[in-house]
Amino acid sequence: MKKVDVVLGLQWGDEGKGKVVDVLTPNYTVVARFQGGPNAGHSLHFGDKSFVLRTVPSGIFRDGSINVIGNGVVVDPVSLAEELKNIAAQGIPVQKKLLISKKAHIILPTHRMLDAASEAAKGKSKIGSTLKGIGPTYMDKTGRNGLRFGDVLADDFIERYNRLKAKHVEMLSQYKDFEYDVTEYEKTWMEGIDYLRGFEFIDSEHTINKYIDEDVPILAEGAQGSLLDVDFGTYPFVTSSNTVCAGVCTGLGVAPTKIGDVYGIFKAYCTRVGSGPFPTELFDETGKELGRIGHEFGAVTGRPRRCGWLDLVALKYAVMVDGVTQLIMMKSDVMNDFDTIKVATAYRIGDEVVSHFPYEVNDSIEPVYTEFKGWKCDICKVRRYEDFPVEFKQYVEFIERETGVPVKIISVGPDREETIVR
């Protein structure tokens with residue numbers, strides 16, 4: 001029996017999961033999203049074309065692939081319909097290739113308003129929400145009020161929608177200075193629902209387990225990063241779902257015994273979008289240089305990403321929680337020109353030096369760095385591990401020793417071909 005392999009981000013998102021899934025998908029028939037919503041953006045580049053996928057699994061462009069939006073995902077019909085129409089314009093038969101779980105929850109126009117109102121009310125303590133309505137939708141899910149895709153097929157769908165909308169309007173009335181109007185967006189939302197009715201809605205847990213029994217190769221695709229997990233991330237500056245490997249079990253209906261390889265993706269340095277702690281953040285020219293060379297802007301938000309050195313304390317924590325079996329290092333080429341490269345191997349908290357990721361991650365943490373000599377050459381054209389400069393190989397092998405996991409794939413550029421598989 002084949003198991004479900006998993007690909008996850010190990011940092012604060014933006015690790016380059018879209019490209020990796022695109023590189024891995026030739027080995028898989030099914031690619032399934034298991035959590036998150038349109039707050040994630042997976043960038044794909046091939047030839048002269050670029051795409052940002054928000055909800056659609058990254059296998060959609062591969063011939064013969066089946067793509068599943070699992071029950072753990074929250075879906076904005078406007079965003080998904082727009083995304084699918086753009087893909088269909090490239091000649092991709094999206095209706096044949098995408099299956100949507102009946103148990104996936106739907107983001108309402110008023111969920112977006114609640115997100116915006118809540119974030120505005122927080123003032124300086126805001127968490128950096130993407131304002132896509134993700135948090136309020138998950139709150140309705142756990143509060144047992146949510147609308148799911150199976151409801152779209154019900155005769156009284158509009159009544160169910162209006163009931164939940166009325167509840168939201170009542171909640172929004174508590175934000176005295178917040179003004180909103182969802183009339184236009186609601187029209188587009190209903191059009192999105194009508195468009196998505198043309199797709200197959202499935203009981204995804206039965207479908208996925210049937211594929212497992214039939215030895216169909218499946219890749220579960222994570223969104224965001226492990227350090228944004230609602231339980232294990234840098235709370236409260238986290239997302240509203242379980243971004244770690246355990247999320248596959250609840251987000252697709254897969255038993256823990258059926259999880260196979262876990263591919264953990266990390267950048268050769270660190271980035272973060274929005275608010276929240278970031279121990280290795282650089283506020284100097286080096287930080288600016290990493291951002292400039294790495295084109296560090298959010299795929300969905302366009303916000304500039306904060307940049308810093310690789311944090312091995314956080315990386316080892318993510319490897320542990322996710323049960324990572326293979327590491328994938330992205331954007332190694334961004335550091336081609338640095339004389340010295342640093343890696344945080346411990347934290348100084350007050351008088352204590354710790355090597356574990358602590359309960360509270362805040363500004364009082366001072367990273368303890370190990371320094372490496374930079375490789376000072378362009379590695380973008382390298383296609384075999386043996387041909388990398390010795391300084392680069394020392395960096396990779398240090399990460400392997402520290403984490404206890406092999407670095408199996410190294411990316412040296414955005415294109416499919418700029419990928420070395422060891």
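I shall go through the sheet, the cores, the cysteines and a few individual residues.

This is a predicted model, in which local features need pLDDT of at least 70, side-chain atom pairs count only at pLDDT 80 or more, and totals for chains, interfaces and linings use all residues. Residues are numbered from 1 along each chain as its sequence is written, and side-chain values use heavy atoms, with hydrogens and water left out.

Let me start with the sheet. Helices (H or I, at least four residues) and strands (E, at least two) are DSSP runs, numbered from the N terminus. Two strands are taken to pair if DSSP finds at least two bridges between them. On that basis, 10 strands form an open sheet with mixed pairing, in the order S9-S7-S5-S2-S10-S1-S11-S15-S19-S20. At its edges are strand S9 (200-202) and strand S20 (419-421), each of which pairs on one side only. From one strand to the next, the twist averages 25 degrees; the axes behind such angles are lines fitted to C-alpha atoms, for helices over the stretch in contact, and angles run from 0 to 180 degrees between N-to-C directions.

Strand S2 (residues 30-33) is parallel to strand S5 (residues 66-69), with 4 bridges between them, and Ala32 has Val68 as its bridge partner in S5. S5 in turn pairs with strand S7 (residues 98-101), again in the parallel sense, over 3 bridges; here Asn67 is partnered by Leu98 in S7. Further along, strand S15 (residues 326-330) and strand S19 (residues 407-411) run parallel and are joined by 3 bridges, with Ile410 of S19 as the bridge partner of Met329.

I turn now to the interior. Buried means under 20% relative accessible area, exposed means over 50%, and partly exposed lies in between, for a 1.4 Å probe and protein chains only. A nonpolar core is a set of buried Ala, Val, Leu, Ile, Met, Phe, Trp, Tyr and Cys residues joined through side-chain atoms within 4.5 Å.

Which residues touch the most other members of the largest nonpolar core? They are Val6, Leu327, Met329, Met335, Phe388, Tyr395 and Ile399, out of 59 residues in that core. Helix H12 (residues 390-403) gives the most to this core, with 5 residues. Another core lies apart from it and has 31 residues, including Val56, Ile92, Leu164 and Ile193. Contact here means heavy atoms within 4.5 Å. Neighbours within four places in sequence aside, Phe388 is in contact with Ile379, Val382, Lys393, Ile410, Val412 and Ile420.

On the cysteines, the structure holds 0 disulfides, a disulfide being a pair of cysteine sulfur atoms within 2.5 Å. Cys249 is buried at 19% relative accessibility, and Cys380 is buried at 16%.

Next come some individual positions. Leaving aside neighbours within four places in sequence, its contacts are Trp12, Leu227, Arg272, Pro277, Phe357 and Val361. In that loop between S10 and H9 we also find Pro236, which is joined to Tyr235 by a cis peptide bond with omega of about 5 degrees.

Lys176, by contrast, is exposed at 72% and lies in the loop between helix H6 (157-172) and helix H7 (183-196). Ala117 belongs to helix H4 (residues 109-122) and is buried at 2%. Not counting residues up to four places away in sequence, Ala117 touches Leu172, Tyr175 and Phe178.

Finally, two residues other than glycine have a positive phi. Asp215, in the loop between H8 and S10, has phi near 65 degrees and is partly exposed at 37%. Lys331, in the loop between S15 and strand S16 (340-349), has phi near 55 degrees and is partly exposed at 22%.

Thank you for your attention.
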